[in-house]
Structure formats: C-alpha cells, structure tokens
There are 2 protein chains.
Amino acid sequence: MTKTPSPRITTGALPGSRKVYHPGVAHPLRVPMREICLSGEAPLTVYDSSGPYTDPGARIAVAEGLPVVRDWLAGRADLEAYPGRAVTEADNGFASGARLTPAFPVKRAPRRARAGAVTQLAAARAGIITPEMEFAAIRENEGRIATRPRDGEAFGAEIPDLVTPEFVRAEIAAGRAIIPANINHPELEPMVIGRAFKVKINANIGNSAVTSSMEEEVEKMVWAIRWGADTVMDLSTGRNIHNIRDWILRNAPVPIGTVPLYQALEKVGGVAEDLSWEIFRDTLIEQAEQGVDYFTIHAGLRLAHIPLTARRVTGIVSRGGSIMAKWCLHHHRESFLYEHFEEICAICRAYDVSFSLGDGLRPGSIADANDAAQFAELATLGELTKIAWAQECQVMIEGPGHVPMHKIKANMEEQIAHCQDAPFYTLGPLTTDIAPGYDHITSAIGAAMIGWFGTAMLCYVTPKEHLGLPDRDDVKTGVITYKLAAHAADLAKGHPGAQARDDALSRARFEFRWEDQFNLGLDPDTARAMHDETLPAEAHKVAHFCSMCGPKFCSMRISQDIRAEAERQAGLAGMAEKFRETGEIYVAAEGAE
Amino acid sequence: MTKTPSPRITTGALPGSRKVYHPGVAHPLRVPMREICLSGEAPLTVYDSSGPYTDPGARIAVAEGLPVVRDWLAGRADLEAYPGRAVTEADNGFASGARLTPAFPVKRAPRRARAGAVTQLAAARAGIITPEMEFAAIRENEGRIATRPRDGEAFGAEIPDLVTPEFVRAEIAAGRAIIPANINHPELEPMVIGRAFKVKINANIGNSAVTSSMEEEVEKMVWAIRWGADTVMDLSTGRNIHNIRDWILRNAPVPIGTVPLYQALEKVGGVAEDLSWEIFRDTLIEQAEQGVDYFTIHAGLRLAHIPLTARRVTGIVSRGGSIMAKWCLHHHRESFLYEHFEEICAICRAYDVSFSLGDGLRPGSIADANDAAQFAELATLGELTKIAWAQECQVMIEGPGHVPMHKIKANMEEQIAHCQDAPFYTLGPLTTDIAPGYDHITSAIGAAMIGWFGTAMLCYVTPKEHLGLPDRDDVKTGVITYKLAAHAADLAKGHPGAQARDDALSRARFEFRWEDQFNLGLDPDTARAMHDETLPAEAHKVAHFCSMCGPKFCSMRISQDIRAEAERQAGLAGMAEKFRETGEIYVAAEGAE
C-alpha cells in the first residue's frame, strides 16, 4: 500500500492580522476577511483570498482536503451526482510505480446538470441571486458600510459605492462579470471578476516535464493565495497531471483554471498532430468532473489567422496557440476547437466551467504588439463570446502579452468593442523586452495601466519569466508585484475604499508606527527584514526616525515639529486665511504669543 | 602619515560587450559606447554611462582619480584658476583623527568664470556648439546613422531621427535641455537631459549619520553607473561630507548632484534654525569648486506655502523642504533661498552648476498628491526658472513623489505650463503606498508613465525606500528597474532606435540564442543565473527549448516548425493572399506537393 503523502504547507495568520468572517443576509454564509490590527487606530479590514490556511482556528489536513464551503450545492435540484468517468493511465501521462503521484485519498462522486445550464449566468438571467453572488458581493466591500469621497477615472466602468448581491447578479447577467465556480468545487470561496469590481490577479503554478512535484505544487498554490492570488492556474505539463490537479483542487479555496489542451497533448505523447476532438472532449469532462473552475480554450485561433504570423519577430508564443497552429497546418483543417465550440459550451454549461477564451496569437515581443494576427483572433473571440453566452456560459477573454505603453489602451478598447464587455484577463503586458530577470516589473507597468483601463484580472509574471520555472520565492515576488499593480489600478479607477489602506499606511509612516507600517504593507515580513537590516534593535521600531536620514535629519519628524509649532500658533488653517486677507504671515499668532 | 585608502571597486567589461569610442567631428572627442557582441547577427551598440571602469584598456587608480576627458577646459579663455576656498573642519562635520576620511590625495586649483556666465546655456544662446554638446549628441545616437520606422506618442516632444550637435545646442538655448557639467569636473563624460532625448535615470548614494563609509560610497557610484545610472546624487548627511564628495567627484564620469542644504545643516550642528544665507552661500562655493554638476535648491518653498500643508496626511516629506519650512516658521521669515536666489544664480553661472529646483512640498503619500501646496510651489519654481534663465543658468525642475496613476499626467502638464519646458526630473512617482519593500516597483509604474509623458530624468527608488539605506544589491535593483522604466518610456515616445534592442533580444529569444538573450538584457548576470537555476548544464544554453515548457512542448520551437513548414509550402504571405481570394486554404500549395 502506498503511503499517503502529507505535503508541508504554510499556515498561520499574516503578521498583525486575524481572520474574521462576515455573515450573509439572504444566505447563511461565512465570508472571510482579514483584519489588520493597528496600534494607533481602528483595525483595517481587507480582502482575503488566503483561505482557511491563515485561520489559526481552522483544521488543515491536506490529505483530507478543505472543508466544504458551498454546502448549498448538495441541495440544488438541478444537479445530479453520477459515477463519473473512470481515470485512465493516459490521464496521468502513463506514470506508474514510484513515478505515479498517489491519487487523492478521498473520492467524491461528481455532479452535473440534470439538464440545461446550471451556471451563474443562467441564474443571473433568471433573476436569481445565488449564494455565490452574495458571497462575492460581501467580499468586495471589505467590511465597509459607509461610503467615502472618491476620485479617479474608470473609463466607463460603473463602480458602485457599495456592492450589493443584486449588483453582482446584474453584472453577471450582462456578461460584464463572472464567478468562476464549478459545481464540483465545493471548497471554493466564491469571488467575482469584472470591470466594476476590484482588479484581481492570477498566479500560475504547475509542474513541467523538466522539474517539480505534487507536494511543491500544492504548497505553491497555498503560498500564492497567502500573498493575495485571487485565482490559480495549474499549467502542469508533465506526468501525473490528473492526480496533481486533484490534490490542488481539493485544497483550493480559490478558483482553479487550466489549459485542457496541455493535458490532451500529454495523452497523445506530445504530438500535436495526433490531437483529436474526441481526446480533447474527454479531457474537458475529466477536468470538469474534478472541479476546474475555468478553462483556457484557444478556439479563436483559426486556420486563416496563421499566415498573419509569418512576418512576426517571435511567431506564436502561446503554447496553446502554437499547438493548435501546428495541428491546423498539419491537417490543413480548421481548428477542432473552433468547429466544436458549441459542444464545448454544452460541457461547460453542465458543470459551470467558465471560459477563459485564450489568445493563442498574443504578441510575444514589442515588435509584434497589436498586429493583424492578434486583432483578427480577438474579433473571433468576440464571435465565440456570443455563442457561449447563448448557451448561458460565463466568459472572460485573455489578452497580451508584450505591448509598449502607447499601444496598451487600444487593447482594452478593442476588447470591449469586440467582446461586448466580457471581462478582460491579460498577461502583463510587458512594456519592454530588454529586461529578462525583471519581467515581473516590465509587466507590472503594463498590468497596472491596463488594469486601470478596465482589465478585470491580471495574470502575474514572475522574475523567472522567459528564463526558468518559478520557485516559491518567485511565486511570492510575482504575486506581491501584481497585487500592487492591481491596487494601483483600483486607486486610479477610484475604486471605493481602495485608498483606505494607502492612507492608513501613510498615517502609520508619518507617526513612526513601524509595526503598523509593516503590517499594512503587502509583504510585512520583507518590510520588517529590510528595516532591521539597517536598524536591527527593537528600540528602533519605536524610534521617531529611520536609517535614511538618522535622528537629526528626519523630514517626517521635522514636519511633525512644524505641525506642532503651527498648532501652538493658533492653527495653520486660520493663519493661511489671515495671510490671504492681510498679506502678512502669522501676525495674529505673533501678537498672541 | 595617514595611509592613502584604495577603495575596492568593480571593473571589467559587461558580459559579451566591448567598449568602443566614436570620434567627434567638430571637436577631437572619444565618445564611449558599448557594443554587445552577438552570435547570430551584427553587434548592437548601446548607450554607455559606465565610464572607463568597463574598459579593460583603461588604467583605474581610485586614489589618482579618472583621467581628464574635458581637456578643452584648460584652453578656455573665459575661465581662470584660483587658489580656492580653504577647507574647514566644519566642511567635514568636525570629524577628526581616525574618524576623518582622508582628503583626496590629488589637489587641483579650482576654476571660475573671469566674468559673466560660463554655462552651456550662455554658449548655446551665443550660437556656440561646445564640445560638451557634440559629445552628448553623439552619445544619443548610439552609433546609428540610418533612420528606421518609428511609432509612438511623444506628447509634443520633437524627437529627431538623428541628434545633431546643433539640435542639442538649440534645445539648450530654448531651456528645454541641460548638460550638467561643472567646469571643475573635467573627468565628466558629458550627457544631455531633456524631453527630446533618451530618458535618463539618477541613482542616489550617500552616507548617513547612521552608517556607511567613503569606500562604500565610491563603489556604490561605480556600481550604479555600471548598470546604467546617468547621473548620481551624493546625498551624504553625516560627517566627512566634503572629503567623501571629493573622492566621488574625482572618480565620476557622470554628473554628480547634491543638496547643499544637507551639508550646510551639518555645519550648524543639525539645528535648522541656525542656518543662514552666509553658511549656505559658503557651502555652494565649496561644492562648486569641487565640481558638483547640479544643485538641488529648495527655493520654491515659500513661507506662505507652509500652511497649505497643515491638513496633509504626511506633511512635508522632502528633507530639504522640511528643513526650510522649519527655518521659515521659526524665524517667521521668507526663505533665505528664495530671497537670495539671484545671488545663488550668480554662483551657479560662474561654475556652470545646473539648477535642480527642488520640490520641497512634493506629496509623500497618495492622499497628498497634486494638492494646493504642491502646485503652489511648482508655480514658484516657474518664476525661479525665469530668473535663472535670465542669468544664463541651466535649470531642471524636480517633481513628485507619490501620485496615483490618474493624477500623473496633470503633473507633467502643470510642470510644462509653469516652467516653460524646462526639463522635469521626478522621483518615481509611487503609484500606491501599500507595498513597502517593493517601492522600486510601485514607483517604476509611475516613472515609466511620467517618462512617457515627457519627464527627462527619473530619480530611482530602491527596494529599501521608506525602510533603510540601500546596499549594493539595492542600488543595482533600483538602477535596473529604472533603466527598464526609462526604456519603456523611450519606446512609447517612439524614440528612434529604442526598439532595436527589444527586437534584437526578441530575435535571440525566438532563435534560442540564450547567450545573446542574456547579454542583450539589462542584467546579463541575473538572467544567466536564473536560467542556470533550472537548467544548469552548458548544453542547455544551446538547447532549442527551455525549462518553462520542456523539449516536447515549446511554443517557440513549434512556432519555428510552423514557419519552416509554411515556407516549404511556398510562403505564408502568398497563401494568405490566395486564401483571401479563393476562400480555400493552401490549395495551390497542396497542388504543388
């Protein structure tokens, strides 16, 4: 008997923080949030994608999976449990013996629709506010009940002061938002992706033919959500894909996305030409039964588009895109994904797997940005969006890639125009090609901008992009980098409440509340470590200066002195008024001394 | 006798690169550039700020200083050598004995104007093309002689296909550009800062009361320019300021900037109230004689502006600004910098020290961005610009700070409006406050954008910002991050030639020329190390795949296969044409098989 593995994963509260749960109104929900406890003011509640792993009260047993959150699924009359497809050797890339990752120990019969669509979109159109919608709505408000002054430019996105469940429903019904939530992923804490909501980020994980194991991938998922990943894509490409995915899904409180084509290709020994609709279809069902929440489907890459890539500097850089292009060229046939798209929809609607329509022709270099190939595919993605919507499937659209700053806005505008406001989900984009090793940064620039312009979710890029497989540190760097880019976008959009965290941190900074400053940051551990490197003593964490200027020279301290001095002199605002009236400075104050 | 120190500094060519020198036409010049040697195509010539340190043929002896580049200064009839001001104990913060950094061993009599202005602006207005102008012009072209197609949006900047010395002269004459080049800094390799030229970056170094030594600071300067810093500011604030600066200047091939107020404050024991015009004036002359190329002068912060900061979340965060505010409030007087600005100009014109008019009221948080205090000071900086120009002084203007994305463009527009096109020089700006430890990234987003909009030079921010003093690694990370941001801006502006490096790197990537890909990047060492972490073997550096996908699955390889296949089939472009005509794919090609 194989010993059941028990992967080591990271648990425990984030520094200075505690997990709180907000109740639902229409549904009995426990919506998780993170409260950052501060020494100088009231706690700040922030969005929390980290799941039970950061709740010291939760019992974590990876080999058992997370407890069910969506217990209401069991009561849904439109779903039926059934035995499900049998796992084949091909599902795990013919791994065997010691090379076979053990199956996840707990088996559960999959569910599917008894008939028709069981999607959040179908419910939304029917006027039903699902528990998932209420859950996502409560999360978006981050505990806010009051509105606060806002500025910003949202480029047409209509962002409410407070998100209601009805607003979520209406956005989904309009196709402007999705809740990726497969009915076979009951462990999920539902969340919403759309232009009117907080900008989300995705982290990619996945083993490859070259390296990494199940244990590493489960920990990468837990680690990525700890730092703020809103969804995780499992892009595994080697052996054991089926079993690794099971371990990930059963322990994932966030939506899990995949590119089913990768696994299908493994099943035919990596020979793109040998792919077929039947193998692909079987893979979709396999993954839908497991609970994958969204599928990247490269159905927009048509045979006729391929010649448009001939003069590109970097050809086709999407893995899915290049696989399909090779298949199309070899067979001299239209893509089977395009031809069978209606049937793909029929599967997705039966499990509520959301579409992430892949951009197989996204540019892989500055030179290829916004070219005819890219935009031809985007127009096709617009067609497919309509087909998916007709079948009540949820849809988001993938975008580039590599785009110089002056061409970013056109991407957002073309996407909105072609895809009728379906959420946009972009990879970066990288704004220059000349910094391998720093592509988390070259792409964070583009990501922040396109997020501001309206992209609903940003797929992270790690420092290892173009160079190697990200390790744990790279995953964290990628996630934090994208969290800050998404937040910069929220600020610029005028997202209500976004600035509360900046303001709290700035107040802590001004008042030398070092611990508060660390804990309000996206990465308290790194901030603390950097501070301690120069000024290690505990006493310095309450010092009214820092190592940049030293005690005599601190602008913040001088600024505080100035304020105190000014307040002593009867209040600066009054003095300013007086000055405007009399042209003299502080005359009254002087006289009062 | 004190032993002369010999700081350890980093020398040697950058990977895969060699130093080349381009000659002048009007003047006998040797303008340094870096040639990146490639295995698959012709070498690429790029801008090179690293000085002789990356030239294996150069003799480097830190205690002797760099060889003179601007030998023409010796022949200028408008300059005179004179004994210069005697160094006082106060200049080094009263350091003595073992705590005194030894004086730089080589003494040279300073030069000054015999009369009037000896600035690049005075020459430019007189229609004279100086050697500095020709030097800077040649650098800007990076060896290009032909033009290439450009796109981009330059927001009114008129960027020529090729930079001529006359163009540099005209830009300087118009106040739109500066060449910071003190006549007492003959070691300088001249460079130009302006909206029509490549976006430049500055790195800050400097010891503080808390930590670091002369040896470290000289190495930080050499290290910063190795990775691409175009200018370096010495922001030292502790003891030994005078002597450390001498060591830095005598070894600096790039312009060195300072904030003279910092040293003046040290001279009065750190008590802002004790500052006086006399002490400040003496400090300006001290530093001008040493060869400082630009001074940050916070003369725009007026007494009347201070009340405008009363309701700010983070008050006054500029060190210079807070010192002056404290002085103004204490004495209830107008700033002595503002009142004596004409006299400051008289000093600057006699040595050609450029102004960097400081933004003492720049916002220190998202909450304070673009407020009345900031823009009131900016209007004053506009007044001062006119005064400085009237005295033929060169001027650039410092800008924020912390600004959310939607408020960045207004900063550039206000600056252009108030300061009549004088070059803008910004610190970031940071686009969110919530990521201490990652502020090189929060600010790179803002820096890339404001650089695109027209900022001429970007002051770097390191990961340690707000937390501690940057070490060597932080300096490198800050410089590389800002180089990529500046380059992203150049691309978006449509700077001629900028895309050549992206394209070369992308071609190398597509053709699996790993070594070329590393060497064309901003940080070849890090890129190589990251690649080797996953695939260490030398053989893998010629492999036609990488660790991301593995051998079977590589999109680039598949894409190459597709291209080869398509070319075999008589050319994709022709096929696309055929397809558009007939609606059939590859009919002709099939027939031809």
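This is a predicted model: local features need pLDDT of at least 70, side-chain atom pairs count only at pLDDT 80 or more; totals for chains, interfaces and linings use all residues.

Biologist: What makes the contact between Lys198(A) and Glu142(A) a salt bridge?

Modeller: The side chains of Lys198(A) and Glu142(A) meet at 3.6 Å, N to O, and since the criterion asks for a side-chain nitrogen of Lys or Arg within 4 Å of a carboxyl oxygen of Asp or Glu, the pair qualifies as a salt bridge. Lys198(A) lies in the loop between strands E7 and E8 of chain A and Glu142(A) in the loop between helices H2 and H3 of chain A, so the pair ties together parts that are 56 residues apart in sequence.

Biologist: Why is Arg513(B) called buried, and why is Glu41(B) called partly exposed?

Modeller: Arg513(B) has a relative accessible area of 11%, and because buried means under 20%, Arg513(B) is counted as buried. Glu41(B) has a relative accessible area of 23%, which falls between the 20% limit for buried and the 50% limit for exposed, so Glu41(B) is partly exposed. The side chains of Arg513(B) and Glu41(B) meet in a salt bridge of 3.0 Å, N to O, and this pair links parts of the chain that are 472 residues apart.

Biologist: How do you know whether Glu219(B) is buried or exposed?

Modeller: Its relative accessibility is 8%, and as the limit for buried is under 20%, Glu219(B) counts as buried. Its salt-bridge partner is Arg472(B), with the closest N and O atoms 3.0 Å apart; Arg472(B) is in helix H14 of chain B and Glu219(B) in helix H4 of chain B, 253 residues apart. For Arg472(B) the relative accessible area is 33%, between 20% and 50%, so Arg472(B) is partly exposed.

Biologist: Why is strand E13 of chain B described as largely enclosed by the rest of the structure?

Modeller: Five of the five residues of E13(B), residues 395–399, are buried, so the strand is largely enclosed. Both faces are covered, with Val395(B), Ile397(B) and Gly399(B) on one side and Met396(B) and Glu398(B) on the other.

Biologist: What makes E12(B) and E13(B) a pair of strands?

Modeller: They are joined in the parallel sense over three bridges, and because at least two bridges are required, E12(B) and E13(B) count as paired. Three bridges likewise join E13(B) to E14(B), which run parallel, and the bridge partner of Glu398(B) in E14(B) is Tyr425(B).

Definitions and conventions: Residues are numbered from 1 along each chain as its sequence is written. Chains are lettered from A and ligands numbered from 1 in the order in which they are written. Side-chain values use heavy atoms; hydrogens and water are left out. Buried means under 20% relative accessible area, exposed over 50%, partly exposed in between (1.4 Å probe, protein chains only). Helices (H or I, at least four residues) and strands (E, at least two) are DSSP runs, numbered from the N terminus.
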